[in-house]
Amino acid sequence: MLPVKRAVGAEIEPNSTTSLLLKKPKHSLKIEEGNKVFNLSGNTMEKMDIDEDLHSRQLAVYGRETMRKLFQSNVLVSGINGLGAEVAKNLVLAGVKSITLHDVTTVDLWDLSSNFFASEDDIGKNRAFACVQKLQELNNSVIISTLTESLTKEHLSDFQAVVFTDIGLEIAIEFNEYCRKHQPPISFIKSEVRGLFGSCFCDFGPEFTVLDVDGEEPHTGTISSISQENPSFVTCIEDERLEFQDGDFVVFSEVKGMSELNDGKPRKIKNSRPFSFFIEEDTTEFGIYEKGGIVTQVKQPKLLQFKSLKDAINDPGEFLFSDFSKFNRPPLLHLAFLALDKFLQEFGRYPVAGSEDANRLVALATTINENMGDNKIENIDDKILHHFANGSRSILNPMAAMFGGIVGQEVVKACSGKFHPLFQFFYFDSLESLPTEPLDAGDLKPQNSRYDAQISVFGSKLQKKLEDAKLFVVGSGALGCEFLKNLALMGVCCGDQGKLTITDDDVIEKSNLTRQFLFHDWNIGQAKSTVAASAAGLINPSLHIEALQNRASSETENVFDDAFWEKLTVVVNALDNVNARMYIDQRCLYFQKPLLESGTLGTKCNTQMVIPHLTENYGASRDPPEKQAPMCTVHSFPHNIDHCLTWARSEFDGLFEKTPNEVNSFLKNPTEYTSAMKKAGDAQARGLLERVLECLGMDKCETFQDCVAWARLRFEDYFANRVTQLTYTFPENSVTSSGLPFWSAPKRFPTALKFSIEDPSHIQFIMAASILRAEAFGIEIPDSVKTLEGIATAVDKVLVPDFQPKKGVTIVTDEKTTAMPASSIDDDVVINDLVINLEKCAKTLQNGFMMKPIQFEKDDDTNYHMDLISGLANMRARNYSIVEVDKLKAKFIAGRIIPAIATSTAMATGFVCLELYKVISGGHKVEDYRNTFANLALPLFSICEPVPSKVIKHQDTKWTVWDRWVIRENLTLRELLQWLKNKGLNAYSISCGSCLLYNSMFPRHKDRMDKKIVNVAKEVSKLEIPPYRNHIDVVVACEDDDDNDVDIPLLSIYFR
């Protein structure tokens, strides 16, 4: 049973570990230190086939082949500090075969700033050993073992990829050479996080083949002409722009006339344009192009030759850039990390923050630089190196989260060949996150607290601000879980004055578990926010967190009222839809609160900082709406599988949800329902009545055999009769009014299907349709019909009448048509007849009869929903000779599944939390903030300053979208007009919500001039002001003295 949602949540007691929400099932868990395998069941684990319910979002990114390669991959993660823990977490969620955690050091207080698996109870324990149990709980299918002795080269031979997060350069070079010489080569990754600085180096061997450089679906185009020349010129229809690039390879199919191109041979293109391109092919001797044809991009493997670490240190080549305002930074950071390694060799420790050690590191860097030859840096920035030295011992959680996502994705690439590897060095810093005021050495001293690593970088003053902050995190899904973990480790809201409020109205599902790592299988069905809050409280028992189960919307402003918003320090969005983001954006604008926004899509992520009075708001720019296929294309002229699946989803909703709901609406109150239909009197009302009458009349099912018969006749109607009628109305040689062939690209001439009891896909369609029909009518489903043989026997009994196409049938062909036609002359007559027949049917029903509407649920493979939708789509695709898809691919498209993986989610939250330091510290300029777009598949990082908010000027007054003019006086209309007049503004219209309170053009509005504005609003708009609100907001349209419109801020008038 799902938990009951409540208006107000109780504060979670972070010290309580007995909460039912975190109760674990009993396992025979046995852990022994050393080289042991850990498994919650205590048994040897065999790799299972892909659990599509669990991995659906990840499969949408990687595909089955990559997932199977991951399931066979063994990975070593050496150095289980904060970064190592993040990498291991991401790989366990991805589902590799095994992970070995290597570490010879023990947990200390500084680890608690970044390693979310470690607690104060673990101090003194081996770091790998301390993490293994919690790591195993994330995915019991992954074999996790520990290695707590010194690592040797021989240990590496068992792995496909090895990751080092805490290793000296000398031994790293030795291990890297071994990995390169091993057959097959072992992919080697070395990554470090040092304060606000991070590095990553990849070497996947002397030769590494990338099978798919970007992971995008192959681009396609529908051909309209092909020339007979050398090179041949190909044009495509102008429905969609081509996404091809010069040098791409393509294959042709379904070309009529010039059939030589249908040989499956990849051909190279050049001079690619939006709707045309050339192919390097002589077609002068080919047949003459007639019509049709599809051109499809062919992904070409790419061979990479990696340098060894030893060679790359002195000749790093091109660095992967992230922030082009720091174009010269990577070479300096390359030098800084080399100098730090030298410092560790000489002194056996990290530089002490605020000491002379920073100057020692600068001296080492200067010496190394002198020996860099052609890669020597002309000017070394001592200030940057001082910051680097001061924070070098610290592993900050945001940096660990960010690099944990990057490194985790590189391991996936190494094991699968999917996506382009990082080639080969990547350096990053976020020095802008430091407080704007200079830090003195005393403020950086450790305080024997779990935040010492963070204090050594930012100082104790900022730490206090973090702890006393009041945050609102909206959403506790994948992003929300990562944010809670980060915030708990950073100490945000962990002080006496701090409070974190998180809200989410959703419950945990199985498909969440591959990304939302605070949840486990025993939490399925429980409230996300409550479970996440409890788990975050275990990461840091000092966290003050309240979990709510309310959707943040206009309907819950009694919960998230003015007092709630006014107390907030910052808002963090962890949402998955634009409408919710827009609402939160408007609330942050209204209350002038910083909003940290982020989102992910597969390997891509973006972050946007919305800072009061500095940056534009989230809603200032919008992506263009997705292009929708015309109604006639979906219903009669599909030319790709997306069209077929859109139609299939629409039919499912109509048959099993909308029509049963209409039937029930009629049965609950027949008189009221039929009266409403008569009053409407249009084609839509007629259509609804026809569907209700079909359900209760000729198509009413009383036995399961009736359901089978209905399903069989549906098959005939959809895939035979309708197509026969379409091709009768528009034969293959039809022409348009302009004399052009009717069936020209992109239209595809269809062929009716002939039902065959021998075709499993036909029988599976009947099975799914009849079972769902029985469910809608409340009919018992026999077990015998859940097999192909059983349903085939039932189908064999169904009589299918012959069909003859009719003349004069109207089929919509206008692509601009988006809805049903308006009422026709005979609609009223037909509706009256339908009502009479419907009333007769109602008298034959059993008392209390109701249908059971079925709402589409994509994530339950036992409910037959996707079986029917994929069956509908694929049979329709077969009609039109469109390539069919399997049920999983159908689920992605019809279920509108958003591809998602743990790595990009972790990286996004790392970027955001680096910005959180700036927001809470205060005093940063717009150029200090960073928005990010990243794509781990390429990899690509594009980091830039936010767009400043637009400033509007009038006389001596300036304002932006962030401003709200507050009047703390209960004014009359006349007084408000004068208040604006004093600012040089002439108001001609005042409105509250959707109601007009005043307009200078209406003489009767002058009677309102001496009434209080709040009273006018109550009278005119029937405004009900809740007791928690003490003001109203009005929108005023103004002109200046020259009659130019002036767009002024919202006015808030406080009346009590």
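**View 1. Strand 6 and its buried residues.** Strand 6 (residues 187-194) is mostly covered, since eight of its eight residues are buried, where buried means under 20% relative accessible area, exposed over 50% and partly exposed in between, with a 1.4 Å probe and protein chains only. Strands (E, at least two residues) and helices (H or I, at least four residues) are DSSP runs numbered from the N terminus. The view comes from a predicted model, in which local features need pLDDT of at least 70 and side-chain atom pairs count only at pLDDT 80 or more, whereas totals for chains, interfaces and linings use all residues. Residues are numbered from 1 along each chain as its sequence is written, and side-chain values use heavy atoms, with hydrogens and water left out. Ser187, Ile189, Ser191 and Val193 point one way from strand 6, while Phe188, Lys190, Glu192 and Arg194 point the other way, and all are buried. In a regular strand the side chains alternate between the two faces of the sheet.

**View 2. The parallel neighbour of strand 6.** Strand 5 (residues 161-164) is joined to strand 6 by four bridges, and the two run parallel; two strands are taken to pair if DSSP finds at least two bridges between them. Within this pairing, Phe188 of strand 6 is the bridge partner of Val162. From strand 5 the chain crosses through helix 4 (residues 169-181) to strand 6, and this β-α-β crossover is right-handed, a term used if, with the strands pointing away from the viewer, the path from the first strand over the helix to the second runs clockwise.

View 3. Strand 6 pairs with strand 7 (residues 197-203) in the antiparallel sense over seven bridges, and the two strands form a hairpin with two residues between them, where Gly195 in the turn has a positive phi of about 60 degrees. Ser191 has Cys200 of strand 7 as its bridge partner, and Phe188 has Asp203. Strand 7 is also mostly covered, with seven of its seven residues buried: Phe197, Ser199, Phe201 and Asp203 point one way, and Gly198, Cys200 and Cys202 the other way. Five bridges join strand 7 to strand 16 (residues 425-429) in an antiparallel arrangement, in which Cys200 stands opposite Phe426.

View 4. Six strands form a closed barrel in the order 9-10-13-12-11-14, with antiparallel pairing. Neighbouring strands of this sheet are turned by 45 degrees against each other on average, direction ignored; the axes behind such angles are lines fitted to C-alpha atoms, for helices over the stretch in contact, and angles run from 0 to 180 degrees between N-to-C directions. Strand 11 (residues 249-253) and strand 14 (residues 294-298) run antiparallel and are joined by five bridges, with Phe252 opposite Val295 of strand 14.

View 5. Strand 17 (residues 470-474) and strand 20 (residues 570-573) run parallel and are joined by four bridges, and Asn573 in strand 20 is the bridge partner of Val474.

**View 6. Helix 6 and the glycine after it.** The 19 residues of helix 6 (residues 329-347) should span 27 Å at 1.5 Å a residue, and the end C-alpha atoms are 26 Å apart, which agrees; the expected span is 1.5 Å times one less than the number of residues. Just after helix 6, Gly348 takes a positive phi of about 70 degrees.

View 7. An unreviewed UniProt entry lists Cys632 for "active site"; UniProt positions are given in the numbering used here, feature names are shortened, and annotations may be inferred rather than shown by experiment. Cys632 lies in helix 16 (residues 631-635) and is buried, with a relative accessible area of 3%. Arg581, found in helix 15 (residues 578-591), is buried with a relative accessible area of 11%. A polar atom of the Arg581 side chain lies 3.1 Å from the backbone oxygen of Ser598.

How values were computed
Polar contact = N/O pair within 3.5 Å; in protein donor to acceptor, adjacent residues only side chain to side chain.
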